[in-house]
Amino acid sequence: MSALAVEGHAGAHRARKVPLRYRVPMTVSRLSWYALCSLLGITMLVPLLWMISIALKPSSDILQLPPQFLPSAFTWSNFVEGPQQIHFGRLLFNTVIVTVLYVFGSVTSSMLAGYAIARIDFRGRNFWFYLFTFSIFVPGIVTLVPIQRLFFSLNLIDTWWPLFLPAFFGNPVFIFLARQYFASVPRSIDDSAMIDGAGHWRIFTSLMIPLTKPLWITMIIMSFQAAWNDFLNPLVYLNSEEKYTLSIGMANFMGALNEANPQFNYYMASNLLYMLPPLLLFFLAQRYFMTGLGSLVMTGK
Amino acid sequence: MRLSPRRSVRRLLAGLAVAGMTATLLSCGSGDDTSGGTSENPKVTLMTWADPKTRNLYKASLDKFTDKTGIEVELVYVGSAAQYFQKVNSMVLSNTLPDIFWCTTINATFTPLASSGKLFDWTPYLEGTAEGQTKTGLDKSKFGPGYLDFYKVDGKQYGIPNEANTYGAFYNADLFKEAGLPVPTSDWTWEDLFTAIEKLTVTEGAKVTRYGMQTAWGDLYDPVGLSIYSISNGGEAFAPERNWINVSEFSLDPQIEAGAQRWANAIKNGWVTGPDFTATNTFAAFINGQVPLVWGGQWNAAAIFEAKPKMEWGFAPIPAGTATQVAPLESNAFCSPADLENPDATWQVISYMLTDVFNDAYSEYAVAPIAYLPGSEGYFENLKQQGPIGEQVAATVRQELENPEKVGTAFIDPWSPKAGNLIKSHWNPMLEGKRPIKPTLDEYVTKVNELIEAGS
Amino acid sequence: MLMAEGAHIERADPGRPRPDNREPRGLTHRRRNALTAYVFILPTIIGVAVFMLYPLASSLYHAFTQWDGLTPATWTGLDNFRYLFTEDPTFWPSMKATGYFVLLSVPSGMIFGLALAVLLNRAYRGVRIFRTIFYLPVVLPSIAVLTLWKYIYDPLYGLANQVLSALHLPTSDWLQSPRMAMPAIVLVGVWGVGGSMIIFLAGLQNVPSEIYEAARVDGAGPFRMFFAITLPMITPILLLQLVLGLVLAFQAFNQIQVMTGGGPDTATYLFMYKIYTDAFGSYPNLGLATAEAWILFVIIMIVTAITLKTSSMWVFEENK
């Protein structure tokens, strides 16, 4: 298991194991497979297409009854005027900063901890590993009130600190994944480095980081999503509009739409822009999105 | 080991580190720029839940105030009215409340905040006896009756009432005429209401395709609404204290039970939306001519006027019963934190809000009349400019404000949040026909009495 | 442990100078290792102490107090729990709603995820496009998705009723309807089923193809093969998904905050949302909220423990 995991996260998928029975010519069963998948795929996409259509509608279309699926005129200006309603640029800036710090903090701290637990033989490492793993199961809500009090007493309410600071102190899920992954790297690699006099810091930075690229890219993606989507924490910690992140800004945008004249075209246009960064990341690193977690899970087994 | 990935990794890490540091610095920088200017001019922060349009109108009027007095006013907004009170709590706990914030007895936060000493006591300023107080021209005697009492806890004035709300039914006169119904009048009755909503309901088979009435505000058939129903038909409210301050004991009048029966029946038949109906587009649908009646507060009129609906419409008051006609008693207020830095400047802002800002702002956008009566002129002026419909709305609002037969719109004693849970678990299921009416009402009364007793 | 054999080559003669002449001033190799390790895990130790152990202890204490955060907490013993279990009229409805949500959302996520994974575990041309499409909703921010669906469910202007009436099917009030609100929320989760599909796919691809071939030789049909080979082989993944799904379902919050606010009445009043409302929503009732949070914690632990305990009955262990 362990040897396989190293060379191969990418490799295992490239040479996908395909049962023979699937390699069949174009047949009725294959055609119906395409039909079924297309039907399901379109169903999955319809809500998104509908959203794009609303984002392009002129304001006069919004309350039209019965609603039309297509805009009567393509109103690209919604993508400018919509975001202006909520100072989208400001929210985006805030979100990017919080996200970058969160990603950096959680990935570095968890990589270090995972490495130490997997590859350094020291007293108490099992104890710490179990403790870290246990904290995966502690629901955030149990600790939320005391942590909020903590940030009250540190005078950090209504700042971004509570949103990213905890990330710098290890993410239990990441540590668990990292530990599994590091443990699957053959010992012989760092043994030879040790004989050359390399310390753990050097082994970690110059050997392990390149070797574990699928691991930390997956971690970057997961922490990016966690930070970009985080809603409860900004809700609890931020009070000033100019410090809000996009998640809370968008929820407020929806909640504050004028009752008599709700500009859902503006809303949906902004919503699309809000979705754009994660989508870009997805298409850039699709391989890691699609196989990363799955293969890490398989390593962990 | 190839060289390139390692390098790119390093570069990536270095890049992340630099980005991280920059962002930390930035976030530190922007973290403490709220501490206010160092200039001599006092600065007062004012937090509101108003929509962007109203906020801009306030701001324009307050700028004139700044020119006159040198006092700067910063408007603070928490992003959503829905989260307003959550943010207030967070600010209370972290001692970051703005100098003035909108508060209301409808929300359960006011009384505990006041009685735990977290709010500023405005009594001496209101009486004009505070030391070194700047004269502002605010006259205590010009508040409408009952409003100041709402914001008094242990004899101290913790809130200065501002917007006075009224409730009633927005109706689509065209749909009424189409159905052969008389358009609601200022003295229409509960009978008229029930007849109308029954006739206005459209069904297709067993399915309701158009409710006779939609509720955008829940007061109609909650315990307060049924108390109103009961009083207007010669019965009693749930408690003798009609403003719900220091409620002594709950009891069940047969008229309340009769009202509950009627509403449960109306909900069952789809004449009216269920008790927890919270559609976001109710008024949009009303403007579109899709909804014959919407139960709501007078502030909705502003948005309806702005949308320029094609139909004939109006705002009818709470219907009359066989005995009398009842009006709601409700207002929002300005509250301030106990450790207020500059009470005199803050008081000047509050006074100016009541005397000038509301007049200026609401003459542009008719949100609400003001509990401080001279502050209502702008509001009514705007309605007048809206033509006959505006005057009709104004007449209804005036009628409710001037009606001496008033009932508070929410429970405000310390037991009220816990009693609020009973609405979800007992009251609403009763109206939806999932619980029998009489036993549930009895249980409700018993449980509220237990809560009242436990609190005293 | 995997590392035991190779780790201490140098321990044989500790006195010899190191090749790089960096003698660590009297520290043995073992000690130095421990030191390095602790430096590496120090942030996490601090994190666990400050952001988990201390808050756990603090909230456990406050669960037995009356506390609004404004005035000091007063010890009230079991009062909070007694109130919740016997008096609070929304506690049991909230438990019921939570149970219903878990029972609907966890199995539906697993079944649809597995079904999609089986469907897409082929080497047909274009299979990657379908995988991408099914995975797409998972990538989108949850607030963006939830606000979108909230509008989809609008009875008058929403897509859901438009589609249904176009197909001449009965429409619904969706989030306004006590009966449909919860299924509607669960459906949004099913839209994001691509996440579990991907994990199942990884599991399916690890099933050795020789087993299928052997079964084919024995004349097994596709259904037989699915239930006799595929399903048993991926039971470890099923277990993982089940535990993760349960833990997450018990903590569902965004859906409720954005879409229903717990209504109509208590139809979607998930326990997590109730805790949030009690702690932050209205007047802070922090003592009660921490008591509730601990109840949730204990429930999650019990459910997880039962799942893991009973898993030996159905999880197929690979003999290594």
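Predicted model: local features only at pLDDT ≥ 70, side-chain atom pairs only at ≥ 80, totals over all residues.
**Entry 1. The core**

I began with the nonpolar core. The largest one has 310 residues. I looked up which residues have the most contacts inside this core, and found A:Tyr115, B:Leu293, B:Val349 and C:Leu296. Helix α4 of chain A, residues 88–119, gives the largest share of the core, with 17 residues.

**Entry 2. A:Arg119**

I stayed on helix α4 of chain A, where A:Arg119 is found. Is A:Arg119 buried or exposed? I noted 25 other C-beta atoms within 10 Å of A:Arg119, so it is buried; the cut-off is 20 or more. I also checked A:Arg119 against A:Phe182. They are 63 residues apart in sequence, but their C-alpha atoms are 7.1 Å apart in space.

Next I traced a sheet in chain B. It is open and has five strands, in the order β2-β1-β3-β14-β6. The pairing is mixed.

I looked at one pair more closely. Strand β1 of chain B (residues 43–48) runs parallel to strand β3 of chain B (residues 100–104), and two bridges join them. Here B:Leu46 stands opposite B:Ile100 of β3(B).

Then I turned to helices on this sheet. Helix α2 of chain B, residues 52–69, packs on the sheet and touches β1 and β2 of chain B. Its direction makes about 165 degrees with that of β2(B). Helix α13 of chain B, residues 343–362, lies across β1, β2, β3, β6 and β14 (331–335) of chain B. I read its angle to β1(B) as about 45 degrees. B:Val349, from the core list, has a residue number inside the range of helix α13 of chain B.

**Entry 3. Two domains in chain B**

I looked up the domain division of chain B. Domain 1 takes 40–165 + 330–398, and domain 2 takes 167–329 + 406–454. Their C-alpha centres lie 28 Å apart. The contact between them takes 21 residues from domain 1 of chain B and 26 residues from domain 2 of chain B.

Which elements give two or more residues to the domain 1 side? I found α4 (110–115), α6 (147–150) and α15 (388–402) of chain B. α15(B) gives the most to that side, with six residues. By class, the domain 1 side has 12 nonpolar, seven polar and two charged residues.

**Entry 4. Chain B with chain C**

I moved on to the contact between chains. This one takes 28 residues from chain B and 23 residues from chain C. On the chain B side, α3 (84–93) and α16 (416–431) of chain B are the elements that give two or more residues. α16(B) gives the most, with eight residues. I sorted the chain B side by class: 11 nonpolar, 13 polar and four charged.

**Entry 5. Chain C with chain A**

Here 85 residues of chain C are in contact with 79 residues of chain A. Helix α1 of chain C, residues 29–62, gives the largest share of the chain C side, with 20 residues. By class, I noted 60 nonpolar, 18 polar and seven charged residues on the chain C side.

**Entry 6. Positive phi**

Last, I looked up two backbone angles. A:Asp158 has phi near 65 degrees, a positive value in a residue other than glycine. Where is A:Asp158? I placed it in the loop between α6 (140–153) and α7 (161–164) of chain A. A:Asp158 counts as buried because it has 20 C-beta neighbours inside 10 Å.

C:Trp174 has phi near 50 degrees, also positive and also in a residue other than glycine. I found C:Trp174 in the loop between α6 (159–166) and α7 (181–191) of chain C. C:Trp174 has 23 C-beta neighbours inside 10 Å, so it counts as buried.

Methods:
Residues numbered from 1 in each chain as written. Chains lettered and ligands numbered in written order. Core = buried A, V, L, I, M, F, W, Y, C linked by C-beta atoms within 7 Å. Buried ≥ 20, exposed ≤ 12 C-beta atoms within 10 Å, placed from the backbone. Helix = DSSP H or I, 4+ residues; strand = E, 2+ residues; numbered from the N terminus. Pairing = 2+ DSSP bridges. Contact = placed C-beta atoms within 7 Å. Axes fitted to C-alpha atoms, helices over the stretch in contact; angles between N-to-C directions. Domains from an automatic or database assignment. Nonpolar A, V, L, I, M, F, W, Y, C, P; charged D, E, K, R; others polar.
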